[in-house]
Amino acid sequence: MNPATFLRVLGPEPWNVCYAEPSIRPDDSRYGDNPNRVQRHTQFQVILKPDPGNAQELYLGSLEALGIDTSAHDVRFVEDNWESPVLGAWGLGWEVWLDGMEVTQFTYFQQAGGKVLDAPAVEITYGLERILMSLQGVKHFKDIRYCEGVTYGELFLQNEYEMSCYNLDEADVADQRQRFALCEAEARRMLEKRLPVPAYDMLLKCSHAFNVLDARGAVGVTERADCFARMRALAREVTGLWMARREELGHPLGTVSSSTDEDAAPAAAAAGKAAAAAAAGPSSPELFVLEVGSEELPPDDVLAGMAQLRERLPALLAKLRLSHAGVEVHGTPRRLTALVRDLAPAQTAQESKVRGPPAKAAFDASGAPTKALQGFCKKAGADIRSVTVEADAKGVEYCFVVVKDAGRSAVEVLSAELPALVGSLSFKKSMRWNAFGAAYSRPLRWLLALHGDTPLAFTYGGLCAGDATRVLRNAAQPELQVPSASAYLSLLQQQGIQLDFEARKAAIWQGAAAAAAEVGGIIPASASGDLLDEVANLVESPTVIRGGFDPAFLELPEDVLVMVMRKHQRYFPVFSADGKLLPAFITVANGPVDPTAVAAGNEAVLRARFEDAAFFYREDLKQQLADFRPKLKGTLFQKDLGTIFDKSVRVEALCPALAAAMGFAAAADTAVAAAALCKADLATYTVTEMTALAGTMGRHYAQVQGLPEDVSTAIFEAVLPRQAGDILPASPAGIVVAVADRLDSLVGLVAAVGAPSATADPYGLRRAAYGMLQALVSNNVSLSLRSAVALAAAQQPLPVRGQQQEAVVDFVSRRLEQLLVDSGVSAEAVRAVLAERGDNPALAASTASQLQAALDAGDSGPLRAIMTALSRPTRIVRGKTVDVSVSVNPALFENAEEKQLHAAYQAVAQQLQGSSSSSSSSSGSLDVAGWLAAVQALVAPIDAFFEKVFVMCEDEKVRANRLALLRDVAGVTKGFVDLSQLPGF
């Protein structure tokens, strides 16, 4: 990042500049083959500090000045939360798409060098080559007409090819690491000399050396984190020194004005308008509209904002005593809207009895009111003659008055409360954009509030609410006055804006299905979930457009094509009725556009994307899958645990013993073969570019080279589940490898760096543990966690102490508890089961589910009676020292009830042991129904025993014998469930 950007956005000085510069991205090297991805491109950089308030409009005007007709083309702002971990910098904004092609990065900087910016700056980075391709109508960067008679390719294609060779194939890894270290050392020397600009120059060279290493595939997870930390530390020191030097110079460019300089006039104007509106507000119930207008919100934030308004606005109206006939909340990328039907013109009147001072302090000796009573009445607005005296519950007399509140107008009270309501809306990531300090997902640009035809003039974030709304940017008149709340919806509809999210989704789905049918295709139902939700919140005036692509691309794996269309471009792929991918796609533009131009633009973008994928795929097919595995030696997993290759070796070695422990010994050879290759696709070009295809491509390449299908399947299943709701491994070999891989990560990383904290889980161990448990539980695979952890510990390159192994078991057990609670089992039932069967997740899961059903049966089932009966011997022996070496001696029995209980216990114990599949406990893997059926025979003998037998008798031997008997009876829960964890025990 140029110092004219990175350094100048810091501090309080204004900075408005633009400049062109080359940008080098080694990882984008494609030998010049890709139509619009190059390792060296030219960008035009604009910095606006402070935000002028209309940066998007200025940008769109610049596109028009360049010759792009924004009324014909689909120009969209698509969420892109920019971050540079290297520079400790981040900002929120968008990729700007021109007919599906990213042509600009648009960001509101929030932080640089780890420092929050005094004045957030707008950064607009134009991709000049891509804009030129659109303007000139060419499909490849090399065909751009650079000047009369000379193409871009004739000038730069050789450079692109040779530098791609260097970045991807020839750069010396050791040399680049040395360059990194030398530049880091020189940066520190410059910092010692108090020279921030050359220090930053050296930091940029460190960054470039790292980027070349990354392009060569030589950077692993831990080395990446280490390099980032070192560069981030340099960035913090550089920025700190730069700011100090600018302060020493007296900020020669001046300072950005603060909000206090600008607050007074808008606030005073708003107050005046609010007072006038309150006097002229509605006299009867009317529709109320609140519209919070902003620059384009991310799709998830649209939903989050709507959910918050649905919860908070009705609560606010109730607090303010404003009656209404219902609240509707809607949202689009540029607005969150609340509609309140028949909102009352004023607050509901109310009376309340207010307590004042004690009577003895309210009147003097002559009975005249004291100053205390006079002050109380003045504050309450009550006449002293209305005071009554009443005694409280303790007999103390106090003064009371009845206060009548006639209520204020709805316009008045809402004008006072709406700023706080808007300010309460929060998002996963919020930003500041001006000197007023307000925070929102993206910059707020207008506020509309109407009660009937009365505007509510409140202020927030430097904006004054009124009766104006904004419609599509390419409309003849982008800003319109709304005459009344009742005209709001129809005005938006006339402008083509579909406010209702569900209606927008339905229109898109219907239009997409119709467009697909034109080519004999369908849109799969799977696309009606997250993809449809996202697309519906990327547009507010949907225009469905169908495009196509060269059928030759269908030779690529279907998963690759679908991934590109859905994830990268937000397209709906089109399939035939029998499930085959067709050479067509559906995209959704925002507003009225030229369908032919937009379709052609999107087709060109998709062609470039597919050619990129084809390039990676062809390169991958030049080698066997096994040939990629050695390349994992260059990718560090963790400094104490070695490389990804080392990890794959450990997983491979773990599989035979783990397969035997799971009862899958027959699948051990398949699991070993799959384990050897399950990480290999991480080194392929395709997965390096599209990491979500890990496992998918491994399976594909294994199938292409003719490996057995069970091995190919297990390679794919090793990565499952990839996210919440994903499919789970199902084949024996796939389950073994999936569990082995996660076990290796859990045991190794806990030993090397410790278990995750409550707030940080950098290696995703919670997800790993959860996925491992899902694989075991969903397939009902019996496995001892402690034994499995010990097997994995034996494979680690560092010692894993017993305490660390227990830490892994405890960590996984807590994830198991969460998994079972998430499945609908009560927390008490889960804890009761885990106390006895937590070492075997699958057994614990089935037991917990059955126990919950038994609890739900209540008194109609046997569990309650058994709990009541067993609670008595359990309480007797709890806290008492019962010698475990003492066995029950029938010769010491004095009562028939003792003999009967002992006989019943022996019969139950024999029954439990006989049905057990485990020698480690009396209850083994017996299910709940079987355990209840067996133990129910103890209920009557226990009741009879406690009715007739005095346990704590004087004879020491008899007492000890009776306690031993009760100890054994209470122990029938061992290996099954800890009943003491259940409510009512």
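Trainee: In which loop does P721 lie?

Mentor: This is a predicted model, in which local features need pLDDT of at least 70 and side-chain atom pairs count only at pLDDT 80 or more, while totals for chains, interfaces and linings use all residues. Residues are numbered from 1 along each chain as its sequence is written, and side-chain values use heavy atoms, with hydrogens and water left out. Helices are DSSP runs of H or I of at least four residues, strands are runs of E of at least two, and both are numbered from the N terminus. P721 lies in the loop between α23 and α24.

Trainee: What is omega for the peptide bond that joins L720 and P721?

Mentor: P721 belongs to the loop between α23 and α24. The peptide bond joining L720 to P721 is cis, and its omega is about -5°.

Trainee: Where is P50 found, given that the peptide bond from K49 to P50 is cis?

Mentor: The cis bond from K49 to P50 has omega near 5°. As for P50, its place is the loop between β2 (40-49) and α2 (55-66).

Trainee: Which elements do the buried residues of α23 pack against?

Mentor: In helix α23 (residues 709-717), the buried residues are V711, S712, A714, I715, F716 and E717. Buried means under 20% relative accessible area, exposed over 50%, and partly exposed in between, with a 1.4 Å probe and protein chains only. These residues of α23 pack against α18 (625-628), α20 (668-677), α22 (696-704) and α24 (732-753).

Trainee: Is R570 buried or exposed?

Mentor: R570 lies in the loop between α16 (558-568) and β23. Its phi is positive, about 55°, although R570 is not a glycine. With a relative accessible area of 18%, R570 is buried.

Trainee: Is N780 buried or exposed?

Mentor: N780 is found in the loop between α25 (765-778) and α26 (785-793). N780 is not a glycine either, yet has a positive phi of about 50°. At 55% relative accessibility, N780 counts as exposed.

Trainee: Which strands stand at the edges of the open sheet?

Mentor: Three strands form this open sheet in the order β22-β24-β23, with antiparallel pairing; two strands pair if DSSP finds at least two bridges between them. One side of each edge strand is left without a neighbour in the sheet, because each has a single partner strand. The edge strands are β22 (542-548) and β23 (572-575).

Trainee: Which residue in β24 stands opposite P573?

Mentor: β23 and strand β24 (residues 581-590) pair in the antiparallel sense over three bridges. The residue in β24 opposite P573 is F585.

Trainee: What angle does the direction of helix α14 make with that of β22?

Mentor: Helix α14 (residues 501-517) packs on the sheet and touches β22, β23 and β24, where contact means heavy atoms within 4.5 Å. Axes are lines fitted to C-alpha atoms, for helices over the stretch in contact, and angles run from 0 to 180 degrees between N-to-C directions. The direction of α14 makes an angle with that of β22 of about 25°.

Trainee: How far apart are the axes of α27 and α28?

Mentor: S813, L816, E817, L820 and V821 in α27 meet A827, V830, R831 and L834 in α28. Helix α27 (residues 802-822) and helix α28 (residues 827-837) pack at an angle of about 140°, and are therefore oblique to each other (under 35 degrees is roughly parallel, over 145 roughly antiparallel, 65 to 115 roughly perpendicular, the rest oblique). The distance between their axes is 9 Å.
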